[in-house]
Amino acid sequence: MSVSDLSFDYISQSDLAAAFSLESACFPPSEAATLSSLTYRQSNAPLLFLGVFTPTPRTLIAFTCSTLTPSPHLEHDSMSTHVPGAPYAAIHSVCVQQQYRRMGVALALLNEYKIRLAQMGLKGARLITHDELIPLYQQAGFGMVGESSVVHGERKWFEMKIDFGLLPQPKEEKEKEKVAVVEKEAGVRSPGKAWESFGSIEELVGEGSALGSADTHQISLSVKVFLRVLDHS
């Protein structure tokens, strides 16, 4: 099964048992979130709890979740409480089932998550991780902040961040902007293109006009000559 066969969906209350099982398998007991913590995050910030599912049967194989914080740097308090309307996402977990690791699932999940967080209007996201996972988050666009002051479990944590204003623009959006610029410049340099959108002289004059076909033909020729002069000026 490839990443393209998987789907993203928000974790519902009925998915929490599976999420807790996955959390417990991914972290040691001193670091894993409790079921009550996951329930708090899902009930208070459901749009920040994103899962990856297999199609048939629908099975949760990965997830990430966060809460909102007003602080641009993570501390124990900023990771403990969800503050509605705050500008930064404090990412708590990125979990992938063992058999789906090293397949690009974690990176695909992070990339999808970034898009959704940015679309919510957040300024950025913050997380803490262990040193062996730093390359994964760097690949997803996160930058190193430094050693974290957060104490959670026995190992040292490192804080990483991403600011959505610095995210690279999607390729299709860049292409749309290029086309728009070209069309705008073409319209300025070539007024005849704007005129052509109105149709022929005969269509503009209409059948009820007193002008004959010879008159409209002469007008059409004059207009074309005038537009060519404009295009080359």
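Is serine 2 buried, partly exposed or exposed, and what is its relative accessible area? In this predicted model, serine 2 has a relative accessible area of 35% and is therefore partly exposed. The residue belongs to the segment that precedes strand E1 (7-10). Although serine 2 and tyrosine 100 are 98 residues apart in sequence, their C-alpha atoms are 9.4 Å apart in space.

The protein contains eight helices and seven strands. It has 233 residues, of which 36% count as buried. Contacts between residues at least 6 apart in sequence were also examined by separation along the chain, and 65% of these join residues at least 24 apart.

Two packed helices are described by the angle between their axes and by the distance between those axes. For helix H1 (residues 16-26) and helix H2 (residues 35-44), the angle is about 130° and the axes lie 10 Å apart. The crossing in which H1 passes H2 is right-handed. On the H1 side, the contact is made by Leu16, Ala19, Phe20 and Glu23, and on the H2 side by Leu35, Leu38, Thr39 and Gln42. Sorted by class, the residues of this contact are five nonpolar, two polar and one charged. An α-helix has 3.6 residues a turn, so residues three or four places apart point the same way.

Alanine 45 lies beyond this helix pair, in the loop between H2 and E2. With a relative accessible area of 4%, alanine 45 is buried, because buried means under 20%. Apart from neighbours within four places in sequence, alanine 45 is in contact with Tyr40, Ser66 and His82.

The peptide bond leading from threonine 56 to proline 57 is cis, with omega near -5°. Arginine 58 has a relative accessibility of 45% and so counts as partly exposed. When residues up to four places away in sequence are not counted, arginine 58 touches Asp9, Asp15 and Phe53. The C-alpha atom of arginine 58 is separated by 9.5 Å from that of leucine 6, and the two residues are 52 apart along the chain.

Histidine 76 is placed in the loop between E3 and strand E4 (88-96). Its relative accessibility is 52%, so histidine 76 counts as exposed, the cut-off for exposed being over 50%. Not counting residues up to four places away in sequence, histidine 76 touches Val150 and Val151. Histidine 76 and valine 150 are 74 residues apart along the chain, while their C-alpha atoms are separated by 5.6 Å.

Arginine 102 is located in the loop between E4 and H3. This arginine is not a glycine, yet it has a positive phi of about 60°. Arginine 102 is exposed, its relative accessible area being 88%.

Helix H3 (residues 105-119) consists of 15 residues. From its first C-alpha to its last, H3 reaches 21 Å, close to the 21 Å expected at 1.5 Å a residue. The buried residues of H3 are Val105, Ala106, Ala108, Leu109, Leu110, Tyr113, Lys114, Arg116 and Leu117. Among them are the charged residues Lys114 and Arg116. Just after H3, glycine 121 takes a positive phi of about 90°.

Note on methods. Residues numbered from 1 in each chain as written. Predicted model: local features only at pLDDT ≥ 70, side-chain atom pairs only at ≥ 80, totals over all residues. Heavy atoms only, no water. Axes fitted to C-alpha atoms, helices over the stretch in contact; angles between N-to-C directions. Helix = DSSP H or I, 4+ residues; strand = E, 2+ residues; numbered from the N terminus. Left-handed = near helix turned anticlockwise from the far one by under 90°. Contact = heavy atoms within 4.5 Å. Expected span 1.5 Å × (residues − 1). Buried < 20%, exposed > 50% of the residue type's maximum accessible area, 1.4 Å probe, protein only.
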